[in-house]
Amino acid sequence: MRVVVSRLADFPPGDRKIVKAGARSIGVFRVEDDFFAIRNRCPHQGGPLCMGRLSPWAVATAPGQVRMEGPPRLVACPWHGWEYDLETGQSFMGPGETRVKAYEVAVARGSDLDGDARPAEPPPVPPEARAAGREPGPYVAETFSVYVEEDYVVVDV
């Protein structure tokens, strides 16, 4: 299943959006020009994980010498602070801890999402309709071609 998150123009760097895919809640993040999507449910106690704060990686070169490195790609659950990698869903609270489900995210052209939305000619009247006494009337509804030209952020669920 593909879920359209938003128009690319409406999803600036540093933003996040929460979408529904059936019964699942999924958080989609834009970090610089990269997109990530994870389940919006912390495996620890079910908190709203994607509402948590984002932070970059902390790197220590020696005791007491810590620096933050790279863009913010870790999300901390707002309930208890458990951190997860946005790309893989990996937990960093201890060995063997459950990861959160991560999903594929892509930017797709609108024309790739609409399928074949432009029928060529009206379909012929089926023989069973004619047999039931139905004939095409004198009125024809006006139809319009549909074009979707923008880029959209989509999640593959």
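**Ground rules.** I am working from a predicted model, where local features need pLDDT of at least 70, side-chain atom pairs count only at pLDDT 80 or more, and totals for chains, interfaces and linings use all residues. Residues are numbered from 1 along each chain as its sequence is written, and side-chain values use heavy atoms, with hydrogens and water left out.

**The sheet.** I began with the strands, which are DSSP runs of E of at least two residues, numbered from the N terminus. Two strands pair if DSSP finds at least two bridges between them. I found an open sheet of 6 strands with antiparallel pairing, in the order β1-β9-β8-β4-β3-β2. From one strand to the next, the twist averages 30 degrees (axes are lines fitted to C-alpha atoms, and angles run from 0 to 180 degrees between N-to-C directions).

**Two strand pairs.** Next I looked at β3 (residues 24-31) and β4 (residues 34-39), which are antiparallel and share 6 bridges. V31 has D34 in β4 as its bridge partner. I then moved to β5 (residues 54-62) and β6 (residues 65-76), an antiparallel pair joined by 7 bridges. Here V59 stands opposite R67 in β6. The hairpin of β5 and β6 has 2 residues between the strands, and G64 takes a positive phi near 80 degrees there.

**The cysteines.** How many disulfides does the structure hold? I found 0, counting a disulfide as a pair of cysteine sulfur atoms within 2.5 Å. For C50, the closest cysteine sulfur is in C77, 9.6 Å away, which is too far for a bond. C77 is in no disulfide either, and its nearest cysteine sulfur, that of C42, is 3.9 Å away. I also checked burial (buried is under 20% relative accessible area, exposed over 50%, partly exposed in between, with a 1.4 Å probe and protein chains only). C50 is buried at 0% relative accessibility, and C77 is buried at 5%.

**D85.** My last stop was D85, in strand β7 (residues 83-85). D85 is buried yet has no salt bridge, and the nearest side chain of opposite charge, R73, is 7.0 Å away. A salt bridge here needs a side-chain nitrogen of Lys or Arg within 4 Å of a carboxyl oxygen of Asp or Glu. Lys and Arg count as positive and Asp and Glu as negative, while His and the chain ends are not counted. Leaving aside neighbours within four places in sequence, I noted that D85 is in contact (heavy atoms within 4.5 Å) with W57, R73, L74, Q90 and F92.

Definitions and conventions:
Helices (H or I, at least four residues) and strands (E, at least two) are DSSP runs, numbered from the N terminus.
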